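Trainee: I have a model open and would like to learn how to read it. Could we go through it feature by feature?

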Amino acid sequence: MTKNIVILGASGYTGAELVRLLATHGGMTIVALSADRKAGQAMGDVFPHLRHLDLPVLQKIETIDFAGVDLVFCALPHATSQAVIKTLPASVKVVDLSADFRLRDMAEYEKWYGKGHDATDLQAEAVYGLTEFYREDIAAARLVAGTGCNAATGQYALRPLIEAGVIDLDQIIIDLKTGVSGAGRSLKENLLHAELSEGAHAYAVGGTHRHLAEFDQEFSAIAGRPVTVQFTPHLLPANRGIIATVYVHGDAQQIYDTLQAAYVDEAFVETLPMGQHPSTRHVRGSNFCHIGVVADRIEGRAIVIAALDNLTKGSSGQALQNANLMLGLPETQGLMMAPVFP
Ligand SMILES: NC(=O)C1=CN([C@@H]2O[C@H](COP(=O)(O)OP(=O)(O)OC[C@H]3O[C@@H](n4cnc5c(N)ncnc54)[C@H](OP(=O)(O)O)[C@@H]3O)[C@@H](O)[C@H]2O)C=CC1
Ligand SMILES: CC(=O)N[C@@H](CCC(=O)OP(=O)(O)O)C(=O)O
């Protein structure tokens, strides 16, 4: 018996990526797909790369019957997500891809997202969705909050190092580059080809990116004291992929050994041999995160580089990994595809 699945926001990038992943999963059946402006259209017309699949027509959320549904992937914008999830039957498990349930401190949510939370009771039960670090809680959860894609990349590089106490907690710089699909499919002037191609630029400079709230929350919890990192994202003229170059103070070999030991049994997080470093090209379309460590020429400093695909390990792949756990399926089911290269 396969599990009955609904994808809300299926006409967006992460929703479409979920459909792509579920096409070969084998243990989940899509029973409904939602859209807003594109409701009424066939998924294969909205996304011709999915044309070969036999899929339900896109429909408005309010017309979906959730009886018999095992799990909902909610790939809606922030704020819309919480308004919808709080109306779902309590029997339905939910993996939310938005930021609505990531932050435990509601004052922090209001500070970074500009409005109060409308589902604080649900927030209190939500589990943060970075699978490798919350595995047991995720398996038992009804509601899992997918992480920010930039936030995931930085955390894979840093969490084991903060936990092991092998880096200076007050000297962490995350310099991150991301492809444009992280911004979603809606039309925005700053995402036009002419604004993006043939160049790269920083954004949210000076500690203003909302994923800092996730870094603050998670790193401070691990360290048991406030940890504030410097973080600057850059937009690349690429569709998929995130690469974070993280500057830390600590012994490079010890840093390497710590990361290697932390991830040696993980199916999706690969620590490259010491001195090698990753590329977004080698994780594209896959659920893998590659991590590399290089000693800096300055004694006592190291560079840790992490790369993943924002639409797989950074969102939809992570969401499916979590859903597998929540539904009692093998964690890697439907996710072991090799990256697309070149
Ligand atoms: N893109 C990424 O790499 C990542 C995204 N996320 C998060 O995942 C979520 C989805 O992102 P993404 O797929 O990129 O976004 P898109 O903008 O590509 O898609 C948004 C989806 O939500 C639907 N939608 C928008 N407004 C409403 C509404 N008021 N009521 C009902 N449906 C609505 C859209 O329908 P329609 O188009 O038909 O109007 C579309 O299906 C967001 O919260 C995002 O922050 C998280 C990590 C990474
Ligand atoms: C390229 C780009 O714009 N990327 C987005 C992050 C995408 C993501 O993780 O989304 P949410 O946190 O919104 O869910 C950004 O940096 O704001």
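**Domains, ligands and helix packing**

Mentor: Start with the layout: the C-alpha centres of domain 1 and domain 2 lie 26 Å apart. Keep in mind that this is a predicted model.

Trainee: Which residues belong to each domain?

Mentor: Domain 1 covers 3-125 and domain 2 covers 149-310. These bounds come from an automatic or database assignment.

Trainee: How many residues of each domain are in contact with the other?

Mentor: On the side of domain 1 there are 9 residues, and they touch 7 residues of domain 2. Helix α4 (residues 106-113) supplies the largest share of the domain 1 side, 3 residues. By class, that side of domain 1 has 5 nonpolar, 1 polar and 3 charged residues.

Trainee: Which residues come nearest to ligand 1?

Mentor: The shell around ligand 1 has 31 residues, and G12, D36, S98, G184 and R185 come nearest. The elements that give two or more residues to this shell are α1 and α11. Of these shell residues, 3 come from α1, which is the largest share.

Trainee: How do the residues around ligand 1 divide by class?

Mentor: There are 17 polar, 10 nonpolar and 4 charged residues in the shell around ligand 1.

Trainee: And which residues are around ligand 2?

Mentor: The list is S98, A99, G148, C149, N150, T178, V180, G182, A183, P233 and L235. Two elements, α7 (149-164) and β10 (230-235), each give two or more residues to that shell. The shell around ligand 2 has 6 nonpolar and 5 polar residues, with no charged ones.

Trainee: Now helix packing. How do the axes of α1 and α11 meet?

Mentor: For a helix pair, read the distance and the angle between the axes, then the residues that meet. Helix α1 (residues 13-22) and helix α11 (residues 312-326) have axes that come within 9 Å and cross at roughly 50°. The two helices are therefore oblique to each other, and their crossing is right-handed.

Trainee: Which residues make the contact between α1 and α11?

Mentor: From α1 they are T14, E17, L18 and L21, and from α11 they are T312, S315, S316, G317, A319 and L320. This contact has 4 nonpolar, 5 polar and 1 charged residues.

Trainee: At what angle does α6 cross α11?

Mentor: Helix α6 (residues 131-140) crosses α11 at roughly 35°, and the axes come within 9 Å. The crossing of α6 and α11 is right-handed. T131, R135, I138 and A139 in α6 meet Q318, Q321, N322, L325 and M326 in α11. By class, there are 4 nonpolar, 4 polar and 1 charged residues in this contact.

Trainee: Are α7 and α9 roughly parallel or oblique to each other?

Mentor: The angle decides, and the cut-off for roughly parallel is under 35 degrees. α7 and helix α9 (residues 211-223) pack at about 15°, with axes 10 Å apart. They are therefore roughly parallel. α7 passes α9 in a right-handed crossing.

Trainee: Which residues of α7 and α9 meet?

Mentor: N150, A151, G154, Q155, L158, R159, I162 and E163 in α7 meet H211, E214, F215, E218, F219, I222 and A223 in α9. This contact has 7 nonpolar, 4 polar and 4 charged residues.

Trainee: Finally, the backbone. What should I look for?

Mentor: Most residues other than glycine have a negative phi, and most peptide bonds are trans. Look for the exceptions.

Trainee: Where is A79, and what is its phi?

Mentor: A79 sits in the loop between β4 (71-74) and α3 (80-85). Its phi is near 75°, a positive value in a residue other than glycine.

Trainee: Is the peptide bond from F341 to P342 cis or trans?

Mentor: The bond from F341 to P342 is cis, with omega near -5°. P342 is in the segment after α11.

Methods
Residues numbered from 1 in each chain as written. Chains lettered and ligands numbered in written order. Predicted model: local features only at pLDDT ≥ 70, side-chain atom pairs only at ≥ 80, totals over all residues. Axes fitted to C-alpha atoms, helices over the stretch in contact; angles between N-to-C directions. Helix = DSSP H or I, 4+ residues; strand = E, 2+ residues; numbered from the N terminus. Parallel < 35°, antiparallel > 145°, perpendicular 65-115°, else oblique. Left-handed = near helix turned anticlockwise from the far one by under 90°. Contact = placed C-beta atoms within 7 Å. Nonpolar A, V, L, I, M, F, W, Y, C, P; charged D, E, K, R; others polar. Near = placed C-beta within 6 Å.
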